[in-house]
Amino acid sequence: MSDLSESLRLHKTVKKHYMSLAKGAECQVTYVWIDNAGENLQCKTRILNKEPTGIKDIPEWTTVWAIGHHFSEVTLVPVRMFRDPFTLDPDKLVLCEVLDSNHVPKESNQRSQSAKVMEEVREFQPWFGMEQEYTLFGLDGKPFGWPPQGCPRRAHCAVGINKVYGRDICICHCRACLYAGVKICGTNAEALASQWEFQVGPCEGIEMGDHLWMARYILHRVCEDFGVVASFDAQPIEGNTATSGCHINFSTKEMRSEGGLQYIEEAIKRLSKRHSQHLRVYDSHNGADNMRRLNNQSTTSDFHYFSTAVSSRAVSVRIPGHVSQMGCGYFEDRRPAANCDPYLVMRALVETCLLETPEENDDDVGKIMAS
Ligand code: ADP
Ligand code: MN
Ligand code: MN
Ligand code: MN
């Protein structure tokens, strides 16, 4: 472990010289996309001979797509451009959709369908904000900074070197997101030492998923620089009940306006009839991760039942206290796990709350447990 981290540090010092070399008009554009598991990110960089002024100036590109031992070719279609906080202006990071050779979205490409649904509900002006929790690990696979005897103590929003590990990563990630143009809006230390959270939003429509995925990419890159690994696992530490979530906050124009609380309550009522359908897409393993995570302990709700309340953190869906007092604002769905695909989560929310009318007793958690 120490040999590897030594060489990583040396590497970063030497890098400064090369980064200071004069550069021409060329621009490094890093294409970022979601892999075939729909969970991890991949990237590769190409040089354009001048700075792109927008997404339309960035050409499609192909790449190899490996599923087991089977290799095929896919097309990367640029959809949203950010500034590159690692190699700086004029370089870009560009989030891409993945299409097959016939220009049909790959199965893992949930953005395509989600964007269509967001178009359908455009007049509602749907806003989202997501709270991404993550846990840091050393290169040895152990939780970053933990003493051999295990986690010192649970420490939500804690301060002090004996309680939180890796604050530099949280701070640097935030600065990198701001530079990039990712709509990060806050950070905090989480319940475990070396567990952190950042928030993105409010974002309108499909922007939410794009910004969250790019924030995740930037986190992985910042962690490369520090020689640690970020995990979005819903239950990151074996044998420890601590969990990581990705709460989603949601509002429409009506919910944000005077008297909006009635629309919030109506949406929550609809959600209560679709509990299992939502859990199926709220983590990256069809509900299996949340079956362990939503265990009624430490600010999580019960996997088997939908619950809601004002100000409570032990429920599926919470109305923040200030929203209840103001009579308008937004609500928070606390069920998505840290490894969820935001495109799926936001789509499920608008389909249930704004588009489809759930039947009475539409819900059946038994089904999800059996599948
Ligand atoms: P919590 O109290 O649950 O920890 P945070 O402060 O961590 O909440 O996160 C609040 C989230 O709510 C942020 O992502 C923010 O962008 C989002 N948010 C704020 N206002 C709205 C709104 N009107 N509609 C949707 N999301 C919102
Ligand atoms: Mn939060
Ligand atoms: Mn949190
Ligand atoms: Mn929250």
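How far apart are the manganese ion (ligand 3) and the manganese ion (ligand 2), and which glutamate coordinates both? The two ions are separated by 4.1 Å, and glutamate 197 is the residue that coordinates both.

This is a predicted model, in which local features need pLDDT of at least 70 and side-chain atom pairs count only at pLDDT 80 or more, while totals for chains, interfaces and linings use all residues. Residues are numbered from 1 along each chain as its sequence is written, chains are lettered from A and ligands numbered from 1 in the order in which they are written, and side-chain values use heavy atoms, with hydrogens and water left out.

**The metal site**

Select the manganese ion (ligand 3) to begin. Its donors (N, O and S atoms within 2.8 Å of the metal, or 3.2 Å for Na, K and Ca; water is not among the atoms, so sites may look incomplete) come from Glu133 (OE), Glu190 (OE) and Glu197 (OE), at 2.1 to 2.2 Å. Along the chain, these donors follow the spacing E-x56-E-x6-E.

Next, select the manganese ion (ligand 2), which is coordinated by Glu131 (OE) and Glu197 (OE) at 2.2 Å. Glutamate 131 belongs to strand S6 (residues 127–137) and glutamate 197 to strand S8 (residues 195–204), so the pair ties together parts that are 66 residues apart in sequence. Strands here are DSSP runs (E, at least two residues), numbered from the N terminus.

Colour the coordinating residues by accessibility. Glutamate 131 counts as buried because its relative accessibility is 13%, and glutamate 197 counts as buried at 4%. Glutamate 190 is buried as well. Buried means under 20% relative accessible area, computed with a 1.4 Å probe on protein chains only.

**The domain interface**

Now select residues 20–108 as domain 1 and 117–365 as domain 2, as given by the domain assignment; such bounds come from an automatic or database assignment. The contact (heavy atoms within 4.5 Å) takes 19 residues from domain 1 and 23 residues from domain 2. The C-alpha centres of the two domains lie 26 Å apart.

The area buried between the domains is about 1,800 Å², with carbon and sulfur atoms giving 69%; buried area is the accessible area (1.4 Å probe) that two parts lose on being put together, summed over both.

Finally, display arginine 80 and aspartate 210. They form a salt bridge, with the closest N and O atoms 2.7 Å apart; the term requires a side-chain nitrogen of Lys or Arg within 4 Å of a carboxyl oxygen of Asp or Glu. The count between domain 1 and domain 2 is 1 salt bridge. On the side of domain 1 that touches domain 2, strand S1 (27–34), strand S2 (41–48), strand S4 (70–83) and strand S5 (92–99) each supply at least two residues.

Methods: Buried means under 20% relative accessible area, exposed over 50%, partly exposed in between (1.4 Å probe, protein chains only). Helices (H or I, at least four residues) and strands (E, at least two) are DSSP runs, numbered from the N terminus.
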